[in-house]
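Good morning, everyone. Please look at the structure on the screen. I will talk about where two chains meet, and then about confidence.

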Amino acid sequence: MHLRLALSAALGVLIFVAAPAAAYASVGVGVQAAPVQLAGGAHPGGTYALPPVYVVNTGSQAESVAIRIERISRGAGRTVPRSWIRVSGLPPTLEHGQSARIPLSLVVPTDARPGQYFSDVVVTGSAALIAGGAHLGVAAATDLEFRVVPGVVSSAWFAVPSWVLLAVAIVIALTLALMLMTRSGISVRIERMTAGAAAGDGGGGGA
Amino acid sequence: MERKARSLAVCVLVVAASGISGCGISGAAPQNAGQAASVNLSLTTVPTIRSVTVSPAGAAFGNCTGGLASRNTQSTPGKLGFPNGQCFVGLPSPGFYPITITNTGIASQIYVNGTSASPSDGGDQWSLCTEHGDGGPTCSRDDGRMPGTNQYMIQNFSAAGQQTAGISETPTCDREFFASGQCWAVQGASQSEGIELIGPQFSTDTSTKWTMTITWTPVPGHP
């Protein structure tokens, strides 16, 4: 009799403890292991497209996904300020097994200090909130690395290749020179002389 | 002298000719000249995703104890009492660990962190404190071992023991995850854990429903 009561009580406690936990499915999230890196250096004042970061829902239900920049793992360099990274095209939810590539952009302020920068791209996944309970969340982190090099970028047009700028400058200079010459009345005559005639002229001059 | 030079020239010619023929260059064009041929190859690589799964996605606290009966603020099994009542997800003794954390991606370090507790009326939060103030505020009672007003503490436990210093708001190595005290986890490694919550001494918000989040994160690193 006592044994039966004890067993019933133990079973009751187990059900009480286990039932709330068993009522929910799993939550999971994944991110690319390869670090998010900027090819080449970033200039203060510049805006750069970072490689899109791969995100996947590894849980058993739909999840809301968010991305934040936080330094968690160990690495060398200055911590990336959160305001430097812009996230766009983030889907509000990801279904079970669904993945997405989230575009990131780096906006370097004009007063940024040159050097190596390091932080983590942290992707968090969470199911619906449960009032009055512990909400168990998941996240996954991958490294974010780039280098800021000296040289202020004033605006986007400056990002065109230097040879294009040089060509445009030469064309403008030639046009200006032509206009000045036309207005001042100076004329340049180009003549072609044969070698024999030039020699004859020279010989005549010397006689 | 002249004979030597002639001999040298002949040698150079012979060597050059043999080199050219060795490279497969000849005067006659190959029969299949101009026809490209290709072979399709396929390669499979191992996945390079860093991911974690936690089951269940949420849990309710139970087995609450503590509080003061003389003030009618003693805990009931499903409700936290004041001051400094305690509630559990799972039980440290006898061992019952209902939360399973599984590293489903590449080998990583598993970090854990918590958040402030939010009341259902949107009022004053309880800040998550730890014994030593690592990654957040220090608990203000009993030399850091007990939360003060509007503070609360979370300790996770497993068969490996209990982290009495508490989980902080900053992600830190989940030492429960690996028996040696490290948090390195290879693909497929899992850990079953429970959670103990120690409530505040007092709460200035009168809500009776509170929500908090505990998050596990695989992080790049080395064992």
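Start with the contact between the chains. In this predicted model, 42 residues of chain B are in contact with 42 residues of chain A.

Which elements of chain B give two or more residues to the side that touches chain A? They are four strands: β1 (49–55), β2 (58–59), β3 (62–65) and β14 (210–219) of chain B. The largest share comes from β14(B), with 10 residues.

What about the classes of residue? On the side of chain B that touches chain A, 24 residues are nonpolar. Another 16 are polar, and two are charged.

Now pick out β2(B). Strand β10 of chain A, residues 134–148, is joined to β2(B) by two bridges. The two strands run antiparallel. Find H135(A) on your screen. Opposite H135(A) stands G58(B), in β2(B).

Next, confidence. The model has an ipTM of 0.77 and a pTM of 0.74. For chain B, the mean pLDDT is 86. In that chain, 83% of the residues reach 70 or more.

Which element of chain B has the lowest mean pLDDT? That is helix α1(B), residues 2–22, with a mean of 48. The highest mean among the elements of chain B, 97, belongs to strand β8(B), residues 127–128.

Look also at residues 10–27 of chain B. Their pLDDT is below 50. Beyond near neighbours in sequence, this stretch has two contacts in the model. Keep one rule in mind here. Where pLDDT is low, predicted coordinates should not be read in detail.

Terms used:
Residues numbered from 1 in each chain as written. Chains lettered and ligands numbered in written order. Predicted model: local features only at pLDDT ≥ 70, side-chain atom pairs only at ≥ 80, totals over all residues. Contact = placed C-beta atoms within 7 Å. Nonpolar A, V, L, I, M, F, W, Y, C, P; charged D, E, K, R; others polar. Pairing = 2+ DSSP bridges. pLDDT = per-residue confidence, 0-100.
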